[in-house]
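Please read the following account with the sequence and the coordinates open side by side.

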Amino acid sequence: MYLESSVKRKTLQTLFPSSCYYKLNFWNIKRLIIPVLCTYILVDCFARENLPNWNLLDSFQGLLTKQEFEHTLKTIYCPRVSWYENWLKLNRGEVLIRKKMGKDDWYILSFRDGNLSSNAPRQFSISDQNNSLHGFCIALDPGHIGGAFSKMEGRHFSIGGEKPVKEGDLVLAVAKSLSKKLSILGAEVHLLREQNKPVTTFRPKDFEKESEDWLKQKEIQLKRKYSRIERQKLLTQRKEVLFYRVSEIHARADHINKVIRPDLTICLHLNAAPWANPDKFELVERNDFHILVNGCYMGGELSDDNQRFEMLFRLLNGWHKKEKLIAENLSNAFSRITKLPAFNYKGPNALKIGDVPGVWARNLLANRIYRCPVVFLEPYVVNSRDAFGRIILGDYKGKKKLNGELKYSLVEEYAKSVLEGIRNSCLFIR
Ligand SMILES: [Zn+2]
């Protein structure tokens, strides 16, 4: 209805008025720079109307020593001084945090005197000897939408006359299998979606104005006008990405932050590699996995008031400790069960975390705005010879002999790996 729609639109605008996310599409695309799927890159920012509420940091006054704060900042959240020096000023007894870009207005967060003992609440405790997950609330976030939206999302490809591979559909199947397994161990499990349909009530047509504004801004920056055909193409892409990426993830964040409030969110994805020849799809040999925690905020990202706030909010909550521990257990489980090698990043947009292979920090929309510990999974390269050969067999029961080895379906193997990783973490995060 019109009334409902305009009310919701207003809420949505205050949630993400910048409309500034751009995706790298790795499933059916042309040229790529960074060989990793499912990444959400911030490329530009407009003035935001919804300023962060810096007072939410008040409860963290005097919590960390300067050494603790600086160590966490450099090893997890922002490895380069040049990326944060305009936004954070570390003094002896406090850190000054710039509240608004371009303004000389600072939030002052005091450090704890190193001689005083910490009042920090216990971060987590190990579960009982039965590996029970009783009392542990987990949100499972099957990435993307899938179904009729998979092509629009760029998470869809077909090859050799086989059924199309849709990331959204596959990870939903993983989430359903995993949900049952975790529930048996006593966990309270919530699926962010149970069908291949959007969680957001918005559709691309609801983003006409934002897309027009974005395009005008782009033309001003580039000092050129696009042709009518170029404009149409860019506007369509922009409206779609605001729908299936930004609006969709914000709708899920709303549900996580206001309704579920879980101890942990697991974002389920599948990776893909660039096609060697984008005009002729040929399966690749590379097949691997990696696990992401939140971190590695780059300079441009920290210039955004909301991202800067979210980084500090996560750091002060200590969520990185839980994310790292769970990600390391998940990485070990994926290594053992799938026997896949761990993927290594080369560029500055990811930071290696700890010593366990395959665990990296990145700043993604979902792992930034879901206000709880989040681990983001990127196992399997779906357009590899190995993974594709297994995907087209479907989600069969039991094991099948593949290349002389008995294997579960890829969906089942994925779910079993996550279950083992969570179980070995044995956490009660409260
Ligand atoms: Zn994905």
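Lysine 99 is found in the loop between E4 and E5, where strands (E, at least two residues) and helices (H or I, at least four residues) are DSSP runs numbered from the N terminus. The model is a predicted one, in which local features need pLDDT of at least 70 and side-chain atom pairs count only at pLDDT 80 or more, while totals for chains, interfaces and linings use all residues. Residues are numbered from 1 along each chain as its sequence is written.

Lysine 99 counts as partly exposed because it has 17 C-beta neighbours inside 10 Å; on this scale a residue with 20 or more other C-beta atoms within 10 Å of its own is buried, one with 12 or fewer is exposed, and partly exposed lies in between, with C-beta atoms placed from the backbone. Leaving aside neighbours within four places in sequence, lysine 99 is in contact with Trp54, Asp105, Trp106 and Tyr107, contact meaning that the C-beta atoms, placed from the backbone, lie within 7 Å. The C-alpha atoms of lysine 99 and aspartate 305 are separated by 6.7 Å, although these residues are 206 residues apart along the chain.

Strand E4 (residues 94-98) pairs with E5 over five bridges in the antiparallel sense, and arginine 98 stands opposite tryptophan 106 in E5.

A second residue, histidine 290, has its place in strand E12. Histidine 290 is buried, with 25 other C-beta atoms within 10 Å, and, not counting residues up to four places away in sequence, it touches Ala342, Phe343, Gly358, Trp360 and Glu378.

Strand E12 is part of an open sheet of seven strands with mixed pairing, in the order E10-E7-E11-E15-E12-E14-E13. Its edge strands, strand E10 (188-191) and strand E13 (351-352), each pair on one side only. Within the sheet, strand E7 (residues 137-142) and strand E11 (residues 264-268) pair over five bridges in the parallel sense, and the bridge partner of proline 142 in E11 is leucine 268. H7 packs on this sheet, touching E7, E10 and E11, and its direction makes about 170° with that of E7. Helix H10 (residues 319-338) also packs on the sheet, touching E11, strand E12 (289-294), strand E14 (359-362) and strand E15 (374-379), with a direction about 175° from that of E12.

How do H6 and H7 lie relative to each other? The axes of helix H6 (residues 208-222) and helix H7 (residues 228-260) come within 9 Å and cross at roughly 125°. H6 and H7 are therefore oblique to each other, since angles under 35 degrees count as roughly parallel, over 145 as roughly antiparallel, 65 to 115 as roughly perpendicular and the rest as oblique. Glu208, Glu210, Ser211, Trp214 and Leu215 in H6 meet Arg231, Leu234, Leu235, Arg238, Lys239 and Leu242 in H7.

Key
Axes are lines fitted to C-alpha atoms, for helices over the stretch in contact, and angles run from 0 to 180 degrees between N-to-C directions. Two residues are in contact if their C-beta atoms, placed from the backbone, lie within 7 Å. Two strands pair if DSSP finds at least two bridges between them.
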